[in-house]
Amino acid sequence: MQLVYFSGTGVTKRIAWRFDGRSLKEYDGGEYVLLFPSYGAPGQGLIPQPVQRFLEKHSGNLRAVAGVGNVTFGPDFCKGAEQVARHYKVPLLAAIDVHAQRHELDKIKRFLEGEKVESILPGA
């Protein structure tokens, strides 16, 4: 399994590098965990357009999602990742506040290695 990411500012890319992540454009098939930031405002969508287009084509191989954001966005913190997890019925592995914590990275790593990992979303 691989990690596939979208990064607009470079923050998400720095996290993805720890897992030899591939950008959306580099994805060439297979099961993946999707890592991306939430952008926008309520009512305008919090999932970046490139991520939406990618999922339209490749959602069949999506196995889990992790979000990157900033807690200063309040209730919209990592909301896009939560929406994707609920819509595609996959686990939300982490909601990362700018800089990933060791336990968040470990959880993603364990999932990529095939370990069953609990979602941080109740009922997901």
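Colleague: Where is the place of Tyr88?

Modeller: Helices (H or I, at least four residues) and strands (E, at least two) are DSSP runs, numbered from the N terminus. Tyr88 belongs to helix 3 (residues 79–88). This is a predicted model, in which local features need pLDDT of at least 70 and side-chain atom pairs count only at pLDDT 80 or more, while totals for chains, interfaces and linings use all residues. Residues are numbered from 1 along each chain as its sequence is written, and side-chain values use heavy atoms, with hydrogens and water left out.

Colleague: What is the relative accessible area of Tyr88, and with which residues is Tyr88 in contact?

Modeller: Buried means under 20% relative accessible area, exposed over 50%, and partly exposed in between (1.4 Å probe, protein chains only). Tyr88, at 29%, is therefore partly exposed. Contact means heavy atoms within 4.5 Å; leaving aside neighbours within four places in sequence, Tyr88 is in contact with Leu55, Ser59 and Leu62. The C-alpha atoms of Tyr88 and Ser59 are separated by 7.7 Å, although the two residues are 29 apart along the chain.

Colleague: Which residues of helix 2 are buried, and what covers them?

Modeller: In helix 2 (residues 49–58), the buried residues are Val51, Phe54 and Leu55. The arc to consider is that of the directions from the helix axis to the C-beta atoms. Down the axis of helix 2, the buried residues fall within an arc of 100°, so they line one face of the helix. Their cover includes strand 1 (2–5), strand 3 (32–37), strand 4 (62–69) and helix 3. On the face turned away from the buried side, helix 2 carries the exposed residues Glu56 and Lys57.

Colleague: How many aromatic pairs does a search of the whole structure find?

Modeller: Rings of Phe, Tyr and Trp (its six-membered ring) pair if their centres lie within 6.5 Å; planes under 30 degrees apart count as stacked, over 60 as edge-to-face and the rest as tilted. The search finds 3 aromatic pairs. The ring centres of Tyr27 and Phe54 are 5.2 Å apart and their planes are at 75°, so this pair is edge-to-face. It joins distant parts of the chain, 27 residues apart: Tyr27 in the loop between strand 2 (22–23) and strand 3, and Phe54 in helix 2. Tyr32 and Phe54 are also edge-to-face, because their ring centres are 5.4 Å apart and their planes at 70°. Tyr27, Tyr32 and Phe54 form one aromatic cluster.
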